[in-house]
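Work through the exercises below with the model in view, and try each one before reading its solution.

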Amino acid sequence: MPRSLRALAALLVLLCALAPGSAAHATPQEVADLINRLRSGAGKCGGQPELHNFIRRAELDRAAAMLAGGGTLEASVRAAGYPSVMVKSIVMSGSTDPHALENLLAGNYCPTILERGLSDLGIHQQGVTTTVLLAAAFAPAAGLDESGLAARLLALVNQARAQARNCGPKSYPPAGPVRWNETLERAARTHSEDMARKSYFAHNAPDGTTPAARVERAGCDYRTTGENIAAGQMTAEAAVDSWIASPTHCANLMQADYTEMGVAMASNRQSAMGTYWTQVFGAPRVARTVPP
């Protein structure tokens with residue numbers, strides 16, 4: 001073959017290799033499957049097998065398309081009809097190759113993909129840009145009544161206390177289990193309902209009421225008490241996880257002196273955070289006799 005023809009053939013091969021569509025292309029569903037693999041631990045995020053897969057929602061697909069079209073995140077989700085309490089966006093541009101997307105997600109977005117409170121997913125692709133929405137719908141403690149929620153919270157807290165852990169720079173040995181106390185639950189409920197109604201997030205209420213004052217007003221006689229609060233979580237697991245992740249809240253949870261606990265959640269779709277959790281620990285002045 002003449003040299004000029006060989007050069008032309010080599011150029012055609014190169015052009016074919018660079019032609020649009022010649023690289024692998026991940027469809028929206030394949031992107032969803034990839035994110036779920038990262039979440040489950042099968043991919044590079046070192047995920048957690050106990051985490052549920054994201055569920056792809058048509059409303060979030062529409063919201064992702066609106067966001068890609070120039071809308072704001074909050075307005076797009078609201079216009080699509082998805083009742084979110086939390087939503088996060090991931091925008092990847094330049095390639096739809098599965099390996100490239102996996103590397104980008106694993107390198108930059110593992111904490112978001114592994115966030116326990118997020119449960120739903122939406123995807124929109126336009127050219128080489130992929131827009132992903134990860135969200136949690138407003139469905140606080142779905143499937144649990146007050147007694148079921150109390151039992152779940154007590155079990156989760158005692159599981160956490162049973163293990164030595166680091167709360168920030170300080171190490172804590174395992175602590176004994178706490179018992180549920182309805183009076184402490186009443187103090188917790190007062191604060192959760194107040195935060196939900198007035199849309200604020202703080203230990204001290206707008207009228208100046210402190211955690212200690214709420215415990216006293218509820219009729220508790222305690223030598224020492226402590227309070228944890230959380231907002232935005234839809235499940236008991238997510239609320240407890242947030243306390244463990246916070247050094248000061250974790251230290252409260254691991255305090256060996258505490259023997260009793262009450263927790264309450266209140267929700268208000270119109271509030272800033274949607275759901276509000278209050279956890280109150282206590283050590284009574286007079287030790288209570290535990291029934292055999």
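**Exercise 1.** Over the ring of which residue does the charged end of arginine 39 sit?

Solution. This is a predicted model, in which local features need pLDDT of at least 70, side-chain atom pairs count only at pLDDT 80 or more, and totals for chains, interfaces and linings use all residues. Residues are numbered from 1 along each chain as its sequence is written, and side-chain values use heavy atoms, with hydrogens and water left out. The charged end of arginine 39 sits over the ring of phenylalanine 54, 4.2 Å from its centre; the rule asks that NZ of Lys or CZ of Arg be within 6 Å of the ring centre and within 35 degrees of the ring normal.

**Exercise 2.** Describe the aromatic pair that a search of the whole structure finds.

Solution. Rings of Phe, Tyr and Trp (its six-membered ring) pair if their centres lie within 6.5 Å, and planes under 30 degrees apart count as stacked, over 60 as edge-to-face and the rest as tilted. Tyrosine 258 and phenylalanine 281 form a stacked pair, 5.3 Å centre to centre with 5° between the planes. Tyrosine 258 is buried (under 20% relative accessible area, with a 1.4 Å probe and protein chains only), at 6%, and phenylalanine 281 is buried at 0%.

**Exercise 3.** Which residues does leucine 253 touch?

Solution. Counting contact as heavy atoms within 4.5 Å, and leaving out residues up to four places away in sequence, leucine 253 touches Val157, Ala160, Arg161, Asn228, Trp243, Ile244, Gln279 and Phe281.

Note on methods:
Buried < 20%, exposed > 50% of the residue type's maximum accessible area, 1.4 Å probe, protein only.
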